[in-house]
Amino acid sequence: MTRPGGATPAFARGRRLRSTPALRRLTAQTRLAPADFVLPVFVKEGITDPVPISSMPGVVQHTLDSLRKAAHEAADAGIGGLILFGIPAEKDPVGSQADAAEGIVNVALQQLRADLGDELVLMADLCLCEYTDHGHCGIVTPAGVVDNDPTLDRYASVAIAQARAGAHVIAPSGMMDGQVAAIRRALDGAGYTETPILAYAAKYASSFYGPFREAAEGAPQFGDRATYQMDPPNADEALREVAQDLAEGADAVMVKPALPYLDIVTRVADAVDVPVSAYQVSGEYAMLEAAAALGWVDRRRAILETLTAIRRAGAGSVLTYWAVEAARWLR
Ligand code: PBG
């Protein structure tokens, strides 16, 4: 809008505060810090060297030793925490290795806790899909249906094993009804009353988990996860899932994936007064890495822009495979 004299009125001058990098920095509404990031890591039993994941360039399945080294690097970079996924050598219908004391993920938790103490928050993803031979997140009936309540008993036992191994936070991702209550009860009963639960509360049945299934070797051998994970068109349901998890005792909640679900991140963040995390998943990582490799986007700017967007939408912390690299950029 221009006045007769030609001067633009004061209220129209949005560019004033953008004119120098220092002004933009001073007026930035969203800031990123290393402590906002949680790095998902994969540890595999029975390998002698880290195994690269082809669909996630730069991400590997770790040996116990390479994981310890990566964890030290993560601590040095100042990130908030790690979330662990284990890949056992032997899988079976009930996912026995998830709660075996000598199971790979529990051994890894023990070692990292001994190495790092409380320097990083060690989170344990709690699910069965990496541990079951059928690749589903729970116990499957002969008819091929994922059976909710028997699965809760398994989750309860896995939660105790993970807490005992040294996890600071238990993060159930299986999307069974009642999982938070079952895990809270189990943890309390075993004396882990101070171990918080970060619930994957609004987890969608997403195509963006594709590369993760290579990384964690947990692709369903039949069917898909649409009967337990949320349907992408739904938004109100996410609030219901979140409310239910909080009522069951969740200490913090997560939305997953992140970028295609920023509206959900915002609605959840507006609705609750507990910490909200968002998981920038494997497909989000792969998509951007692929475009960057082709020279189609500026890799670093694009990564930081996505992380900023997720924080701007309302997530307090972001689970991201770029956690350590991004943290170093911010130092
Ligand atoms: C396990 C789990 C999955 C992811 C995190 N926990 C896979 C799935 O639900 O199929 C996906 C993470 C990613 O894609 O980065 N239930």
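In which loop does Met175 lie? Met175 is in the loop between β8 (169-172) and α5, where helices (H or I, at least four residues) and strands (E, at least two) are DSSP runs numbered from the N terminus. The model is predicted: local features need pLDDT of at least 70, side-chain atom pairs count only at pLDDT 80 or more, and totals for chains, interfaces and linings use all residues. Residues are numbered from 1 along each chain as its sequence is written, and side-chain values use heavy atoms, with hydrogens and water left out.

View 1. Met175 counts as buried because its relative accessibility is 8%; buried means under 20% relative accessible area, exposed over 50%, and partly exposed in between (1.4 Å probe, protein chains only). At 33% relative accessibility, Glu217 counts as partly exposed.

**View 2. Helix α7 (residues 236-247) and its cover.** The 12 residues of α7 reach 17 Å from first C-alpha to last, close to the 16 Å expected at 1.5 Å a residue (1.5 Å times one less than the number of residues). Glu237, Ala238, Glu241, Val242 and Asp245 are the buried residues of α7. Seen down the axis of α7, these residues fall within an arc of 140°, so they line one face of the helix; the arc is that of the directions from the helix axis to the C-beta atoms. Asp236, Arg240 and Ala247 are exposed on the face turned away from the buried side. The cover of the buried residues includes α5 (179-189), β9 (198-203), β10 (252-256) and α8 (262-271), contact being heavy atoms within 4.5 Å.

**View 3. Surroundings of the ligand.** The ligand is surrounded by 19 residues, of which the closest are Lys203, Arg213, Lys256, Ser282 and Tyr321 (a heavy atom within 4 Å). A polar side-chain atom of Lys203 lies 2.8 Å from an oxygen atom of the ligand, and an N or O atom in the side chain of Gln229 is 2.8 Å from a ligand oxygen atom. For Lys256, a polar side-chain atom lies 3.2 Å from a nitrogen atom of the ligand. The protein covers 100% of the 400 Å² of accessible area that the ligand has on its own (Shrake-Rupley method, 1.4 Å probe).

**View 4. The cis peptide bond between Lys256 and Pro257.** Omega of this bond is about -10°. Pro257 lies in the loop between β10 and α8.

Methods. Polar contact = N/O pair within 3.5 Å; in protein donor to acceptor, adjacent residues only side chain to side chain.
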